[in-house]
Amino acid sequence: MKNVFIFDHPLIQHKVSLLRDKNTDTKEFRELVSEISMLMGYEVTRNMPLKEVEIETPVATAKAKVISGKKLGIVPILRAGLGMVDGMLKLLPMAKVGHIGLYRDPETLEPVEYYCKLPVDAEERDIVILDPMLATGGSASAAIRFIKEKGISSIKLMCLIASKEGIERVNREHPDVEIYCACVDEKLNDHGYIVPGLGDAGDRLFGTK
């Protein structure tokens, strides 16, 4: 597996365990997704470039470092990716937010884009795609492809739980995209769900079935 960053921080691992628990209710599940996303955001932004500036403290003039270069854009895959947005925005309130929606064509089984709205200056930003689950990798890979087709080249994928199959597919189809995840699970079942996983992230976030 290339370009994959798996988080071993105790806080993240603890919160993911709570997230997996079938007895965790919708309110707590939503809060956990937001908290984990914020914690993961620290590492996702580790390589943001800095520049030196001069500032005035209450005591003296000082040289300090601020973020420079490309700014950030976050793009959740509808609908489950929405649960990760607030956590990222708490950490990065200056980030702009786009949205991408996909569905699977019942005949071809290929992902189809039904909605895509990106920041007006998306081409000038580092884009982080958000999706809690990287299962087969079909939706994530398609979302990356659709976004690349709009002229964006700097893309990262951030998910909470991934399967090896999903990672391998994204690696194969988009070897330039870094993948950040809290856990890599054993396998997929016959329905394409990650095992042990946490069930349907969208349903658990929004209280639907």
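Proline 132 touches Ala80, Gly81, Met84, Cys159, Leu160, Ile161 and Ala201, leaving aside residues up to four places away in sequence. Contact here means heavy atoms within 4.5 Å. The model is a predicted one: local features need pLDDT of at least 70, side-chain atom pairs count only at pLDDT 80 or more, and totals for chains, interfaces and linings use all residues. Residues are numbered from 1 along each chain as its sequence is written, and side-chain values use heavy atoms, with hydrogens and water left out.

Proline 132 sits in the loop between strand S8 (125–130) and S9. Helices (H or I, at least four residues) and strands (E, at least two) are DSSP runs, numbered from the N terminus. Proline 132 counts as buried because its relative accessibility is 1%. The classes are buried, under 20% relative accessible area; exposed, over 50%; and partly exposed, in between (1.4 Å probe, protein chains only).

Methionine 133 belongs to strand S9. Its relative accessible area is 17%, so methionine 133 is buried. Methionine 133 touches Ile161, Ile194, Gly197, Leu198, Gly199 and Ala201, again not counting residues up to four places away in sequence.

The largest pocket has a volume of about 740 Å³. A pocket is an open set of points on a 1 Å grid over the protein atoms alone, where a 1.4 Å probe fits, with protein on both sides within 12 Å along at least five of seven lines; lining residues have an atom within 4 Å of a point. The volume is the space filled by probe spheres set on the points. In this pocket, 27 residues form the lining, and Asp131, Met133, Ala135, Ser139 and Asp200 lie nearest the centre. Two or more lining residues come from each of strand S4 (71–78), strand S6 (99–104), strand S9 (133–134), helix H4 (138–148) and helix H6 (201–206). The lining divides into 14 nonpolar, eight polar and five charged residues.

An unreviewed UniProt entry lists residues for "binding site", among them Arg79, Arg104, Asp131, Pro132 and Met133. The lining of the largest pocket includes these residues, Arg79, Arg104, Asp131, Pro132 and Met133. Such annotations may be inferred rather than shown by experiment.

Helix H4 is largely enclosed by the rest of the structure, because eight of its 11 residues are buried. The buried residues of H4 include Gly138, Ala140, Ile144, Phe146 and Ile147.

Definitions and conventions. Ala, Val, Leu, Ile, Met, Phe, Trp, Tyr, Cys and Pro count as nonpolar, Asp, Glu, Lys and Arg as charged, and the others, Gly among them, as polar.
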